[in-house]
Amino acid sequence: MACATSPDRFGGEEGGVAVLDEPRAYPVPPQARTGPLWDALREVMDPEIPISLVDLGLIYDVRQDGGSVEVDLTFTATACPCMAFIHYDIQDRLQREPGVDEVKVIETWTPAWTKSRISPEGRAALKTFGVSM
């Protein structure tokens, strides 16, 4: 997407064109959760119920810039007693991926997590533990 700007912004007589990133859905929709980082995150389980954080819908986005990775993470509740464990598990798992040197986990509360974010695989796994959604 290109965006025309005024000449003042770039100091040129003819103005300039800024190239902006395509707008992205947020949280990343399930069909777009692909690639090695998402696959690695599928191996990170919720400490209380052995279901991946991705299937629970707790991972909102993953971005990589060189060796740095940022993960947007939410929780089901603000007083989740496992927050520190989850942060550590995400960092530990992603730092085992080739080319990943640093992992930053960013907690986000907007938009709020709802049970509608649980994937069909997550719902099936919850059902095996006697939890219906």
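Reader: In what order do the elements of the protein run from the N terminus on?

Author: This is a predicted model, in which local features need pLDDT of at least 70 and side-chain atom pairs count only at pLDDT 80 or more, while totals for chains, interfaces and linings use all residues. Residues are numbered from 1 along each chain as its sequence is written, and side-chain values use heavy atoms, with hydrogens and water left out. Helices (H or I, at least four residues) and strands (E, at least two) are DSSP runs numbered from the N terminus. The protein has four helices and five strands, and the order is β-α-β-α-β-β-α-β-α.

Reader: Is Ser119 buried or exposed?

Author: Ser119 lies in the loop between strand E5 (102–107) and helix H4 (120–128). Buried means under 20% relative accessible area, exposed over 50%, and partly exposed in between (1.4 Å probe, protein chains only). Because its relative accessible area is 10%, Ser119 is buried.

Reader: With which residue does the side chain of Ser119 make a polar contact?

Author: A polar contact is a pair of N or O atoms within 3.5 Å; within protein, one must be able to donate a hydrogen and the other to accept it, and residues adjacent in sequence count only if both atoms are side-chain atoms. At 2.8 Å, the side chain of Ser119 is joined to that of Asp55.

Reader: How does Met133 count in terms of accessibility?

Author: Met133 is placed in the segment after H4. Since its relative accessibility is 46%, Met133 counts as partly exposed.
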